[in-house]
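Trainee: I would like to know what stands behind the words used for this model. Could we go through them one at a time?

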Amino acid sequence: MLEVKELTVCYDTAMLLNEVSMEVHRGELVSLIGPNGAGKTTLMRTISGLVLWEKQMKRGTRAGNITITGEVYFQGRRIDQLPPHQIARMGLVLCPERRRPFSELTVEENLGAGAYLVRHRRRYQDTLELVYRTFPVLKKRSRQISATLSGGEQQMLAIGRALMTRPLLLCIDEPSTGLSPLIKQELFARIKEINESGITMLLVEQDVNLTLAMSTRSYILSHSKIVARGDRNELLADETIRRSYLGL
Amino acid sequence: MLANILVTTLVNAAAYAMLAVGFSLIFGVGRIINLAHTAYYMLAGFSIYTLVATAGCPAAPAVLLTIALITVIAVLCYKLLIDPMREHETTVLIITIALALVFQELMLKYFGGQFRSVPSLARGFFVILGVQVTRQHALTCMVLVLILGAVWLLLQKTRLGLAIRATAQDKEVANLMGMDVSRIAAITAAISAALAATAGALVAPLNILEPHMWLHPLTIILAIVVLGGLGSIKGSILGAVIIALSESLVIFLLPQGSFLKGAFSLLIMIIVLLIRPEGLFGVALEGER
Amino acid sequence: MIRDMMGRIYRNFKGEILVLPGRTLALLVGLAIFIAPLLTRDIYILRIITLTSIFAVFAASWDLLSGFVGQLNLGHALFFGVAAYTSAMLNLYLKLPPLLTIPLGAIAAVAAGLAIGIPCLRLKGQYLSLATLAFPIILKGVVYIFKQYTGGELGVSGISRLAGSRLAECYIALLLGVSLCLLIWKITDSKLGLIFHAIREDEIAARASGINTTAYKLLAFCLSGLFAGIAGGFYAHYMRLAGPSMLDVMLSFQAIIWTIFGGIATVYGAVTGVVILFPLMEVMRAFPEIRMLFFAVTIVIVLRFMPEGVAPWFLDRVEKECPRCKERNAFTRRNCRVCRTLLIAGKEVSAGTEGQTGHPTD
């Protein structure tokens, strides 16, 4: 479904991704693990088109000196030259790092903004129902300004908002940052549920144990490169990987 | 006398609110401080003047034609000059000042610096609660309030309005949700200019027309949007009412003090800012991150 | 010892100025301006040179506060006007000589910087800009209220001249302009400048590193006020007038236009902007009909294609930065003049050639 081929991204003279190749198949829950600064977020932002957008926005300034090489395919179509909103329209949606709700909008307006692409009233209602069923707390808070939600609720809102776009492939960047262990487990259960309902997922995470346990396959990204790939058992079987990257 | 002041205040408040709302909208979505905003207002005034006084066009089509014309000019300026520069925040500032100057000079060249007045678009009086109000004032006020209401509905109740508000909050996420941010910004620029043009077309016949007439409203609009909280529509409207009222009071209480009205409005703005640094309805910036 | 010093100056001259086309050009233009008054004695040209020097200081002082510290000040005319009025009134009513009134005026401008800085530094970003816009307009209102002292619309006139002849005035202005602009440039190049830069880039990080950002921002307001104040007092004595136009919104905008036209946050950009635009506009007085239109259109077109300003645009063409040691080099060089790194590779990166990651290897 998603195929990344030798993707290299440089900001000015710093190389943030070095010939990264990976793929995600329909129905999978693929996770991307790695230390801070490995390039996980950059990879997500490149796939969703944000890096290209940033490059075009800042054209002519030093910060806009970004080079992207390599190819990204989504459902057989090449997407690395497309702007983010068209990629979203095709069904590849990123739920960004640090949740980033539209903070002055209410919960329901946030979800409505997520449903920008859904023009049918009926479909909108159905999706809203679905999101409320997955995250009942959002229904309780629907009239509340989203800045006033707790961290966990904001994360649920961010995922709910991304779900409102009716994605085929949902990318979630570090959903568990700053959440208590209890809420984290709850959230991961929901993520698993969403995946089982038929939405393919690409998940970036720091919590190795929980993530490995629930994902179909994982990639380990370190120093801008993919250093290992495989399912849980394969990764755990390798002693060096276990010690250097998984900390187990 | 008092009734007249009240009506003038009301008209001024509505006109200021239109200008301030437009300014706020494009500031919110594009982070653009558009100092040429009131120049569109001035242009609209001259357009109405030309159409009505020179070409003898009837009032309603003249107003519509003016709005369309100014909006097209503004969108062209936005697309060609402002949008490509957006990353250079200070450069945008200068370009908008320069644009306003270009418009001012063009008008000076074609119409000269003398004061002109537009023949009123509607004649006659209404009598409301025993007070005589010119039909022109009453109509202007009504139309302005109606349009403000429509803008409010557009922003609160429609898909486009939601997209505009979402884009103003976080462009990147808006993009990720499938919104074409640059198109939404262009639409916002058009709405913003159309509001300024409407204010200009409707209010110009009540005031005196001259090419420098953009500078005073500009400082007033800046005071209003800062006072109300940058980017806040509610704040812009409330700010407009406060400033229009204070202006009227200054003129009423100090008959020869009309040159003080700008200073006084700005003083109110400073006082509000000292008490609430983010304006009445602004949201405290979380360390700009 | 003198030989030693001369040697050092010569080496600096050769090693820091002649190697860079931008600096060589600046030196040549500077020399030309210095020699010009001796050649013509034309009052009109003397006037242009004098005013250019004064406004160069004014623009550079705006750049110090707004470009380097990032506190976008839309009401810079406040400093200029306060100093001009203070100097003029001290001279007129207390009969103080310009040598005293100009420093006193500058001190008044510093006080004005403190007076608006202390309340306004609670404000952030655009709120600060728009609040600063208000002060000169409010002060203008005050000037109109106290008509009997300030002369209202006519201003304070009849104050004493700066020096005996126009030529002397011109040279005083030139010397003052050059030394103050160099001083501002040195400030931005010092540790203080580094702190200012840090505050602009990330105020929270700067505060977290133990920098009292509020104090430094206040310092920036005062410094900027000081330089703008000197320019203002000087201007008042040169024109022998202090009027409400010195508090005008357009004067504040002028400083911004000059600086951004030349290149913001560079100081030399502010000076370049004034040196190009001010004389140009004086020459254009011959065509009053299209003068302002020409001005505005020039700015729009130039900035449309050189959004960073004229000076950085020009320097990017004639100089290139070494990707390794960040020293600047003339465009003709193949190797960096300091670390010998090949410069061609660095150029390819900035051109965005695909497939080249461009890490310079020796």
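Mentor: Start with the elements: helices (H or I, at least four residues) and strands (E, at least two) are DSSP runs, numbered from the N terminus. By that numbering, Ser224(A) lies in the loop between strand E9 (217-222) and E10 of chain A. This is a predicted model, in which local features need pLDDT of at least 70 and side-chain atom pairs count only at pLDDT 80 or more, while totals for chains, interfaces and linings use all residues. Residues are numbered from 1 along each chain as its sequence is written, and chains are lettered from A and ligands numbered from 1 in the order in which they are written.

Trainee: Is Ser224(A) buried or exposed, and how do you know?

Mentor: A residue is buried if 20 or more other C-beta atoms, placed from the backbone, lie within 10 Å of its own, exposed if 12 or fewer, and partly exposed in between. Ser224(A) has 21 other C-beta atoms within 10 Å, so Ser224(A) is buried.

Trainee: Where in chain C does Val267(C) lie, and what is its phi?

Mentor: Val267(C) sits in the loop between H12 and helix H13 (268-283) of chain C. Its phi is near 65°, again positive in a residue other than glycine. Val267(C) has 30 C-beta neighbours inside 10 Å, so Val267(C) counts as buried.

Trainee: Which class does Tyr10(C) fall into, buried or exposed?

Mentor: Tyr10(C), in helix H1 (residues 2-18) of chain C, has 10 other C-beta atoms within 10 Å, so Tyr10(C) is exposed. Tyr10(C) and Pro103(C) are 93 residues apart in sequence and 34 Å apart in space, C-alpha to C-alpha.

Trainee: What makes helix H1 (residues 40-47) of chain A mostly covered?

Mentor: In that helix, 8 of its 8 residues are buried. Among them are Lys40(A), Leu43(A), Met44(A) and Ile47(A). Just after H1(A), Gly49(A) takes a positive phi of about 95°.

Trainee: How do you know that E6(A) and strand E7 (residues 169-173) of chain A pair?

Mentor: Two strands pair if DSSP finds at least two bridges between them. E6(A) and E7(A) have 4 bridges, so they pair, and they run parallel. Val93(A) stands opposite Leu170(A) in E7(A).

Trainee: In what order do the strands of this open sheet stand?

Mentor: 6 strands form the sheet in chain A, in the order E6-E7-E8-E3-E9-E10, and the pairing is mixed.

Trainee: Why do E6 and E10 of chain A count as edges?

Mentor: Strand E6 (92-95) and strand E10 (225-230) each have a single partner strand, so one side of each is left without a neighbour in the sheet. From one strand to the next, the twist averages 20°, with axes as lines fitted to C-alpha atoms, for helices over the stretch in contact, and angles from 0 to 180 degrees between N-to-C directions.

Trainee: Why is chain B called as compact as a globular protein of its length?

Mentor: Chain B has 11 helices and 4 strands. Its radius of gyration is 19 Å, close to the 19 Å that the globule rule gives for 289 residues, so chain B is as compact as a globular protein of that length. The radius is taken over C-alpha atoms, and the rule is 2.2 Å times the number of residues to the power 0.38. Of the 289 residues of chain B, 56% count as buried.

Trainee: How does chain A stand against that rule?

Mentor: Chain A, with 11 helices and 10 strands, has a radius of 18 Å, which agrees with the value near 18 Å for a compact globule of 248 residues. Buried residues make up 46% of chain A.

Trainee: Last, how many residues of chain C are in contact with chain B?

Mentor: Residues are in contact if their C-beta atoms, placed from the backbone, lie within 7 Å. By that test, 35 residues of chain C are in contact with 38 residues of chain B. Helix H6 (125-145), helix H12 (249-262) and helix H14 (291-305) of chain C each give two or more residues to that side, and H6(C) gives the most, with 12 residues.

Key. Contact = placed C-beta atoms within 7 Å.
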